[in-house]
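Subject: Handing over a structure

Hello,

Here is the structure I said I would pass on. Please look it over first, then read my notes below.

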Amino acid sequence: MRSDVTTLPGSPERPNEDWAAAALPASGAGGTVVVLDGVTPPAGDDGCVHTVPWFTARLGGALTELSASRPDMPLFEILSRAIRRTADAHRDTCDLSHVRTPQATVVLARWDEATVEHLVLSDSALLLEAPDGSVRAVLDDRLDRVPDEILRSREATDRLRNQEGGFFTAAADPAVAERAVTGTTPRAEVRALAALTDGASRWVELFGAGDWTDCFGVLREEGPSGLLRRVRALEAADAEAGGIRRWKLHDDATAVYAEL
């Protein structure tokens, strides 16, 4: 496996809330990729004494360890156990029932000689490239189905957060793992993959600079750093032109590219 990881903070004044890792098992016969996008809470109480980066580091570390060391365990169970482990680390000090308790989107991919497994929860993206160059995007589009007017309201968004008919993120309830988009693909049908937080997938989803196949081509030719440079350039040009296409000028952006 050859992998490349790049992450950029949305602002130098705030810590980067994304988290990423790529790991090989001791046998060298497969690998795992983990990408998390921490959910920035609105100003005010979230019931927790910890930061979002604390949460994503704990959850990401647990996901990496379990996905690399427990090939017998399906990915949804790995996510469930990692959420429980992270919750146990701060349930004595924090109100984990708070709707805005620290949480994150999740992309998890794992492969061996036979299969490529995937899990996606919320609005980060996983791209799978076939030997013929075609690209399949694995997406959880439930957040995209929520109207913008609802997302502009904290109270309205909170009523849909981790609720049926709304959208789901990894927070403190292990049962949310069963809501993730999961599946398997024969190993022979995947030659490379990529995982993107929504700060990186803006190149396709916000600016329409190309489709997912074009995006994968940028990752292959220029690496994750090249894709993120392109995103930042588009954001800067849009801001200079007076664009109002987003809530934040820049978002934390992370991209992982792996050749299997």
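**What I found**

Arg-85 is partly exposed, with a relative accessible area of 41%. Buried means under 20% relative accessible area, exposed means over 50%, and partly exposed lies in between; the probe is 1.4 Å and protein chains only are counted.

Two notes on how to read this. The model is predicted, so local features need pLDDT of at least 70 and side-chain atom pairs need 80 or more, while totals for chains, interfaces and linings use all residues. Residues are numbered from 1 along each chain as its sequence is written, and side-chain values use heavy atoms, with hydrogens and water left out.

**Salt bridges**

How many salt bridges does a search of the whole structure find? The search gives 17. A salt bridge here is a side-chain nitrogen of Lys or Arg within 4 Å of a carboxyl oxygen of Asp or Glu. Side chains of opposite charge can pair when their charged atoms come close.

Arg-85 has a partner. Its side chain meets that of Glu-65 in a salt bridge, at 3.1 Å from N to O. Glu-65 is in helix 1 and Arg-85 in helix 2, so the pair ties together parts that are 20 residues apart in sequence. Helices (H or I, at least four residues) and strands (E, at least two) are DSSP runs, numbered from the N terminus. Glu-65 is partly exposed, at 36% relative accessibility.

Next, take Asp-88 and Arg-91. Their side chains form a salt bridge at 2.8 Å, N to O. Asp-88 is partly exposed at 44%. Arg-91 is partly exposed at 40%.

Now look at Arg-232 and Glu-235. Their closest N and O atoms are 3.0 Å apart, in another salt bridge. Both residues lie in helix 6 (residues 212-240), 3 residues apart, which is about one turn of the helix. Are they buried or exposed? Arg-232 is buried at 16%, and Glu-235 is buried at 0%. Elsewhere, salt bridges that share partners join Arg-100, Asp-158 and Arg-161 into one network.

**Helix 1**

Helix 1 covers residues 52-69, which makes 18 residues. From its first C-alpha to its last it reaches 26 Å, close to the 26 Å expected at 1.5 Å a residue. The expected span is 1.5 Å times one less than the number of residues.

What caps the N-terminal end of helix 1? Thr-51 does: a side-chain oxygen lies 3.1 Å from the backbone nitrogen of Trp-54. That is a polar contact: a pair of N or O atoms within 3.5 Å, where within protein one must be able to donate a hydrogen and the other to accept it, and residues adjacent in sequence count only if both atoms are side-chain atoms.

The buried residues of helix 1 include Trp-54, Phe-55, Leu-59, Leu-63 and Leu-66. What do the buried residues of helix 1 pack against? They meet strand 2 (18-23), strand 3 (31-38), helix 2 (75-88) and strand 4 (104-111). Contact means heavy atoms within 4.5 Å.

In the order 1-10-9-6-7, 5 strands form an open sheet with antiparallel pairing. Two strands pair if DSSP finds at least two bridges between them. Strand 1 (2-8) and strand 7 are the edge strands, and each pairs on one side only. The twist averages 15° from one strand to the next. Axes are lines fitted to C-alpha atoms, for helices over the stretch in contact, and angles run from 0 to 180 degrees between N-to-C directions.

Strand 1 and strand 10 (residues 253-259) pair over 7 bridges, antiparallel. Thr-7 stands opposite Thr-254 in strand 10. Helix 5 (residues 198-205) lies across strand 9 (192-196) and strand 10, at about 80° to strand 10. Helix 6 also packs on the sheet; it touches strand 1, strand 6, strand 7, strand 9 and strand 10, and its direction makes about 140° with that of strand 10.

Strand 6 (residues 125-129) and strand 7 (residues 135-138) run antiparallel and are joined by 4 bridges. Leu-127 has Ala-137 in strand 7 as its bridge partner. Their hairpin has 5 residues between the strands, and there Gly-133 takes a positive phi near 90°.

**Two loop residues**

Ser-122 is not a glycine, but its phi is positive, near 75°. Ser-122 sits in the loop between strand 5 (115-121) and strand 6. Ser-122 is buried at 4%.

Asn-162 also has a positive phi, near 55°, in a residue other than glycine. Its loop runs between helix 4 (154-160) and strand 8 (181-186). Asn-162 is partly exposed at 24%.

Best wishes
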